[in-house]
Amino acid sequence: MAGWLARLWPGATASVTAVGGGGGGASAISSSSSAAYFPDHVPRLQYLELAEMYSPEDPDGRRLLTVALMRRAVVDVQRAVAIREEKPPLQGLVRAGVIGEEMMERMTRAEKELEAEMMEVMEEAELYRQGWGKTIFQEA
C-alpha cells in the first residue's frame, strides 16, 4: 500500500515501516534509480547472465535456466500487481495536483517496459517447454 508513497518520497519508507506499514516485495524502491519507477530487475539480469553461461541442451543448465526464468516471471507478476494497485491512487494525486505528471509518466513507462518484459519471458518459456509461455505467469 505504501509503495507509491515510497516512490514519491523515498525517505518516508522508514516512517511508514515504523508505524507498521510497508511490506517489501514489488514495492521496494532503489534510491539510486530516481528515473525508473521500479528498481533494477535483478532476476532478469541473473537470467541473462545464466543464459550466456549455460546451454538449455545441458540438463543442469536447463534446470538452472528454467528456475531463473520462473524467478523472473514472479517479479513480473509482482510488478504488474503493484501497477494495478498503485495506478488509481496515483492518478487521483495527479488530478488533485498533489504531485506532478512526472510520476504518472514514470508509471506509464514502467507499464510499457513490463509489457515488453512479459512478452520476452513468454517467448523464452516456449524455448524450454511448448505451451509454457501461456502458463508461466499463472504458475508464478
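How much accessible surface does the chain have, and what percentage of the surface belongs to carbon and sulfur atoms? The accessible surface comes to about 8500 Å². Carbon and sulfur atoms hold 55% of that surface. The model shown is predicted.

**View 1. The chain contains six helices.** There are zero strands. Read along the sequence, the pattern is α-α-α-α-α-α. Two of these helices are α3, covering residues 42-53, and α5, covering residues 101-128. Both helices return in the pocket views below.

**View 2. Burial and contacts within the chain.** The chain has 140 residues, and 34% of them are buried. Here, buried means under 20% relative accessible area.

**View 3. The largest pocket holds about 320 Å³ of space.** Its lining consists of 16 residues. Five of them lie nearest the pocket centre: Phe 38, Pro 39, His 41, Arg 79 and Glu 113.

**View 4. Two helices each give two or more residues to the lining of the largest pocket.** They are α3 and α5. The largest share comes from α5, with six residues.

**View 5. Residue classes in the lining of the largest pocket.** Eight lining residues are nonpolar. Seven are charged. One is polar. Among the residues nearest the centre, Phe 38 and Pro 39 belong to the nonpolar class. Arg 79 and Glu 113, also nearest the centre, count as charged. His 41 is there too, and His counts as polar.

Conventions. Residues are numbered from 1 along each chain as its sequence is written. This is a predicted model: local features need pLDDT of at least 70, side-chain atom pairs count only at pLDDT 80 or more; totals for chains, interfaces and linings use all residues. Side-chain values use heavy atoms; hydrogens and water are left out. On a 1 Å grid over the protein atoms alone, a cavity is a set of points where a 1.4 Å probe fits but cannot get out, and a pocket is an open set with protein on both sides within 12 Å along at least five of seven lines; lining residues have an atom within 4 Å of a point. Grid points are joined across faces, edges and corners, and a volume is the space filled by probe spheres set on the points. Helices (H or I, at least four residues) and strands (E, at least two) are DSSP runs, numbered from the N terminus. Buried means under 20% relative accessible area, exposed over 50%, partly exposed in between (1.4 Å probe, protein chains only). Accessible areas come from the Shrake-Rupley method with a 1.4 Å probe; for residues, only the protein chains shown count as cover.
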